[in-house]
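Here is a short report on a predicted model.

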Amino acid sequence: MASDLLSIEEARGRILAALTPTVAETVALAEGAGRVLARGVTARLTQPPADVSAMDGYALRAADATEGARLAVIGSAPAGRPFEGEVGPGQAVRIFTGGFIPAGADAVLIQEDAEADNGSVLVKEAARAGRHIRRRGLDFVEGSEVLPAGRKLTARDIGLAAASNNPWLTVHRRPRIAILATGDEITLPGDPVPPGGIVSSNAHALAALIRAAGGEPVILPIAPDDTRAIAEVAGAAHAFDMLVTTGGASVGEHDLVQQALGGEGFELGFWKIAMRPGKPVISGRLGRTPVLGLPGNPVSALTCGVLFLMPAIARLSGQPGGPPPTRRVLTAVPLAANDQRADHLRATLSIDKAGHVVATPAEVQDSSMLATLARADALVLRAPHAPALPAMAEVEVIVLAELGV
Ligand SMILES: Nc1nc2c(c(=O)[nH]1)N[C@H]1C(S)=C(S)[C@@H](COP(=O)(O)OP(=O)(O)OC[C@H]3O[C@@H](n4cnc5c(N)ncnc54)[C@H](O)[C@@H]3O)O[C@H]1N2
Ligand code: MOO
């Protein structure tokens with residue numbers, strides 16, 4: 001029965017609604033990339049600060065600069081050293097890219113169209129008024145907001161903050177996310193694996209995903225399938241902005257997360273989503289700390305990481321958070337009609353002869369298969385009850401590399 005299962009959109013909406021952004025902190029400009037602004041950045045100067053030349057050449061009066069005219073060169077205006085005088089009729093000032101346009105001049109003759117000779121310059125091509133001049137404030141004006149609050153800073157933004165003379169940025173603290181892997185069978189990568197054991201890939205994969213989303217992951221010690229052990233480790237949750245568990249989310253008698261956290265005052269928000277992989281997601285709150293309980297199957301844990309945890313980190317970081325971006329591509333093979341759970345088919349992407357991006361889903365879609373997930377470029381989205389599709393029909397995909405996952 002699917003009637004007790006939440007839709008992905010509703011689940012994400014409820015997870016996001018329960019989150020508040022982290023507090024602001026001040027960081028040096030160089031530390032700002034990838035952080036989210038808690039306060040907008042205001043230009044502390046006007047750029048360019050005056051009309052400047054966009055080219056190397058001669059600043060002059062356009063009216064004088066007719067073809068064949070010869071003008072007296074009365075000085076020079078390199079970038080950073082403005083010419084103090086005024087350009088009069090029949091005169092020119094040698095100028096360089098970024099140099100202030102001297103008073104009196106209204107055009108720049110590029111040096112390729114000029115011939116310098118002993119204190120004068122010959123105009124080989126007429127100059128037009130305003131040509132090759134960058135007007136004062138062309139880029140930005142002092143006091144204006146150049147970057148809004150809520151923006152996740154790119155390398156370009158860091159350049160703009162620097163150019164507008166801002167050495168400090170006010171950003172949200174990176175959300176600290178605790179990861180708790182549960183299960184008797186789980187061991188750490190590199191440790192001996194006992195019979196029936198399995199290496200905990202989830203904690204490490206989720207830590208990398210959290211980092212890619214701008215969070216700061218902390219991997220807690222593995223908790224065995226024992227309510228007391230889980231409760232003890234989860235006791236550290238109050239120090240974090242979110243607790244993410246993996247495993248123990250389903251209905252088996254060893255699936256103890258809800259039971260263990262219940263003793264610690266866990267309040268359940270919802271359990272189970274109409275999706276595959278990843279149905280048994282738990283969402284709730286332990287004291288003031290939001291809890292996201294992800295399934296143990298590695299592909300399920302990471303798919304839910306993309307659909308719920310990454311948006312949650314965005315929201316905690318001061319952005320709205322929402323569905324991951326999708327693209328429209330073609331399916332290489334026919335797709336069967338879907339059942340009531342939204343499906344996420346692991347698929348590779350390629351470009352066909354006509355230049356279309358084509359998705360080829362893996363033949364076996366099992367939620368334990370990490371090699372298939374690692375090889376995949378995208379998740380093909382199949383809505384609940386989506387009809388069968390012929391080959392080369394359009395489908396929506398999440399491109400994993402775009403998210404850094
Ligand atoms: N009778 C039912 N059985 C199951 C259902 C169901 O609805 N009814 N749901 C299935 C689905 S869907 C999923 S997904 C799994 C997830 O269940 P759990 O969250 O309780 O996960 P576990 O049982 O603890 O583990 C499942 C699987 O994943 C491995 N695992 C666990 N932790 C890790 C880790 N940190 N790194 C790597 N692999 C991990 C674990 O060894 C198991 O093989 O339940 C289905 N069952
Ligand atoms: O939903 Mo489970 O996540 O299919 O394996």
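## Domain contacts

16 residues of domain 1 are in contact with 14 residues of domain 4; contact means that two C-beta atoms, placed from the backbone, lie within 7 Å. Strand 19 (275-276) and helix 6 (298-316) each supply at least two residues of the side of domain 1 that touches domain 4. Helix 6 gives the most to that side, with 7 residues. Helices (H or I, at least four residues) and strands (E, at least two) are DSSP runs, numbered from the N terminus. By class, the side of domain 1 that touches domain 4 has 10 nonpolar, 4 polar and 2 charged residues. Here Ala, Val, Leu, Ile, Met, Phe, Trp, Tyr, Cys and Pro count as nonpolar; Asp, Glu, Lys and Arg count as charged; the others, Gly among them, count as polar.

The centres of domain 1 and domain 4 are 26 Å apart, taken over C-alpha atoms. The assignment gives these domains, with bounds from an automatic or database domain assignment:

| Domain | Residues |
|---|---|
| domain 1 | 8-22 + 174-316 |
| domain 2 | 24-44 + 143-172 |
| domain 3 | 52-134 |
| domain 4 | 327-403 |

## Model and numbering

This is a predicted model: local features need pLDDT of at least 70, side-chain atom pairs count only at pLDDT 80 or more, and totals for chains, interfaces and linings use all residues. Residues are numbered from 1 along each chain as its sequence is written, while chains are lettered from A and ligands numbered from 1 in the order in which they are written. The protein averages a pLDDT of 95, and 99% of the residues score at least 70; pLDDT is the predictor's confidence in each residue, from 0 to 100. The ipTM is 0.95 and the pTM is 0.91.

Helix 3 spans residues 202-212. Its buried residues are Asn202, Ala203, Ala205, Leu206, Leu209 and Ile210. They cover an arc of only 165° around the axis, which puts them on the same side of helix 3. The arc is that of the directions from the helix axis to the C-beta atoms. A residue is buried if 20 or more other C-beta atoms lie within 10 Å of its own, exposed if 12 or fewer, and partly exposed in between; C-beta atoms are placed from the backbone. The buried residues of helix 3 pack against strand 13, strand 16 (216-219), strand 17 and helix 6. Just after helix 3, glycine 214 has a positive phi of about 100°.

In helix 4 (residues 227-234), Ile230, Val233 and Ala234 are buried. Down the axis of helix 4, its buried residues fall within an arc of 100°, so they line one face of the helix. Their packing partners are strand 13 (176-181), strand 17 (242-246), helix 5 (257-262) and strand 20 (282-286).

## A loop residue

Alanine 43 sits in the loop between strand 2 (41-42) and strand 3 (52-53). Alanine 43 is buried, with 22 other C-beta atoms within 10 Å. Leaving aside neighbours within four places in sequence, its contacts include Phe140, Gly143, Val146 and Ser164. Alanine 43 and valine 146 are 103 residues apart in sequence, yet 6.2 Å apart in space, C-alpha to C-alpha.

## Ligand shells

Of the 26 residues around ligand 1, Asn202, Gly247, Ala249, Ser250 and Gly296 come nearest. A residue counts as near if its C-beta atom, placed from the backbone, lies within 6 Å of the molecule. Helix 3 and helix 6 are the elements that give two or more residues to this shell. By class, the shell around ligand 1 has 10 nonpolar, 13 polar and 3 charged residues.

Around ligand 2 are Arg276, Pro277, Gly278, Lys279, Pro295, Asn297, Ser300 and Ser367. That shell has 2 nonpolar, 4 polar and 2 charged residues.
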